[in-house]
Amino acid sequence: MASKLLKLTKFINTSSKKISKVSIFSASHIIQTRPFSDTPQKVPNTTTSSVPPFHEKNYSLDGAKKPISSSLNPVELAKFSAIAETWWDPQGPFKPLHIMNPTRLSFIRSTLCRHFRKNPHSARPFEGLKIIDVGCGGGILSEPLARMGATVTGIDAVDKNIKIARLHAESDPVTSSIEYCCTTAEKLVEEQRKFDVVIALEVIEHVAEPAEFCKSLASLTVPHGATLISTINRSMRSYATAIVAAEYLLQWLPKGTHQWSSFLTPEELVLILNRASISVQEMAGFVYNPLTGRWALSDDISVNFIAFSTKNSE
Ligand SMILES: C[S@@+](CC[C@H](N)C(=O)[O-])C[C@H]1O[C@@H](n2cnc3c(N)ncnc32)[C@H](O)[C@@H]1O
């Protein structure tokens with residue numbers, strides 16, 4: 001199995017290098033990636049001169065404000081409802097998220113500590129921060145955020161997920177303080193809720209209208225607060241790895257978990273966040289090493305990537 005994986009990785013690496021060079025080159029006027037280090041690298045502002053070739057219905061071309069529409073995609077939600085019981089099974093369908101968790105938490109810790117001037121070496125670096133985990137699923141990210149001292153709200157559109165999350169969190173006094181709620185970001189906007197940090201990991205590719213969803217995330221974020229989004233790039237490489245390999249060859253995920261056409265490129269994400277008054281400050285990629293079975297932070301954003309952004313002042 002290990003040698004098969006190695007061969008597959010080699011094949012994907014060689015064939016995708018040419019492709020990712022082209023796409024990153026063509027995007028280089030919009031976004032820069034950086035070798036992951038502790039030195040923050042600014043992402044230049046995008047201009048709004050071109051309308052991207054996706055979800056054009058999300059854009060109000062005359063600049064008029066549209067009411068925030070629902071982010072719910074019933075087909076996607078049904079998939080998550082069907083496997084809700086398996087959230088805390090480390091060998092189940094959410095195994096990739098479980099093994100990715102330490103890596104994404106490391107990015108979240110370093111970017112938030114730098115932005116909010118917190119000590120990244122403290123046991124509870126997020127003390128004093130109000131964080132919302134949008135699309136929290138069974139709470140596999142909400143729980144470590146609470147352990148790091150944050151006041152955490154976890155929301156998900158699937159009621160079963162919230163029940164599982166609550167049940168799991170109750171077993172530990174630190175995590176039992178998490179406020180879990182079956183709702184959507186747009187509903188909390190109506191309730192005028194605000195958070196220092198808004199996090200939506202691996203959610204945007206499952207929502208009905210990504211641009212509207214980002215506007216809701218922006219409205220939930222206090223001015224100068226932080227928004228973190230992770231997702232999968234719409235690249236040839238992601239088709240080969242996140243769909244063909246993960247769903248069909250390795251069967252890590254149930255078949256049909258992801259729709260390639262719903263993925264956003266980093267450039268598209270930067271653009272829709274800009275339009276929602278959120279500026280992307282830095283990005284990192286997540287790469288999987290089949291030999292160690294671990295994920296690591298990287299400057300390669302051709303498949304899985306995360307963006308750290310800040311809300312502009314109002
Ligand atoms: C791939 S899971 C990611 C879970 C979690 N963020 C993580 O990374 O561990 C996507 C989650 O988003 C939820 N979801 C999808 N659309 C949503 C929406 N419009 N509002 C809130 N939650 C949503 C799903 O129910 C599911 O739990």
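**Ground rules**

I note that this is a predicted model, in which local features need pLDDT of at least 70 and side-chain atom pairs count only at pLDDT 80 or more, while totals for chains, interfaces and linings use all residues. Residues are numbered from 1 along each chain as its sequence is written.

**Confidence**

I checked pLDDT, the predictor's confidence in each residue on a scale from 0 to 100, and the protein chain averages 83, with 78% of the residues scoring at least 70. Over residues 1-66 the pLDDT is below 50, and I record that this stretch has 71 contacts in the model beyond near neighbours in sequence, a contact being a pair of residues whose C-beta atoms, placed from the backbone, lie within 7 Å.

**Annotated binding-site positions**

I turned to the UniProt record, an unreviewed entry, whose annotation "binding site" covers Arg 104, Gly 135, Asp 156 and Leu 201. UniProt positions are given in the numbering used here, feature names are shortened, and annotations may be inferred rather than shown by experiment.

Arg 104 sits in helix α3 (residues 95-115) and counts as buried, because 23 C-beta neighbours lie inside 10 Å. The cut-offs are 20 or more other C-beta atoms within 10 Å of a residue's own for buried, 12 or fewer for exposed, and partly exposed in between, with C-beta atoms placed from the backbone. Not counting residues up to four places away in sequence, I found Arg 104 touching Leu 201, Ser 230 and Ile 306.

Asp 156 belongs to strand β2 (residues 151-156) and is buried, since 28 other C-beta atoms lie within 10 Å. Once neighbours within four places in sequence are left aside, its contacts are Gly 135, Cys 136, Gly 137, Asn 161, Ile 162 and Cys 182.

The annotation "binding site" in the unreviewed UniProt entry also covers Glu 202, Glu 205 and His 206. I located His 206 in the loop between β4 and α7, where it counts as buried with 23 C-beta neighbours inside 10 Å. Leaving aside neighbours within four places in sequence, His 206 is in contact with Asn 73 and Glu 76.

**Positive phi**

Which phi values did I find for Gln 192 and Glu 202? Phi is near 60° at Gln 192, a positive value in a residue other than glycine, and near 55° at Glu 202, likewise positive in a residue other than glycine. I looked at these because most residues other than glycine have a negative phi.

Is Glu 202 buried or exposed? Glu 202, in the loop between β4 and α7 (210-220), counts as buried because it has 21 C-beta neighbours inside 10 Å. Glu 202 touches Leu 97, Ser 230 and Thr 231, not counting residues up to four places away in sequence. Gln 192, in the loop between α6 (185-190) and β4 (195-201), is exposed, with 8 other C-beta atoms within 10 Å.

**Helix α7**

I followed the chain to Phe 213 in helix α7, which is buried, with 28 C-beta neighbours inside 10 Å. The C-alpha atoms of Phe 213 and Leu 72 are separated by 9.5 Å, although the two residues are 141 residues apart along the chain. Phe 213 also touches Ser 71, Ala 185, Ile 204 and Val 207, not counting residues up to four places away in sequence.

**Strand pairing**

Strand β6 (residues 278-289) runs antiparallel to strand β8 (residues 304-311), and 8 bridges join them; two strands pair if DSSP finds at least two bridges between them. I noted Phe 305 in β8 as the bridge partner of Gly 285.

β6 also pairs with strand β7 (residues 294-298) in the antiparallel sense, over 5 bridges, and Leu 297 in β7 is the bridge partner of Phe 286. β6 and β7 form a hairpin with 4 residues between them, and Gly 293 in the turn has a positive phi of about 70°.

Conventions. Helices (H or I, at least four residues) and strands (E, at least two) are DSSP runs, numbered from the N terminus. Two residues are in contact if their C-beta atoms, placed from the backbone, lie within 7 Å.
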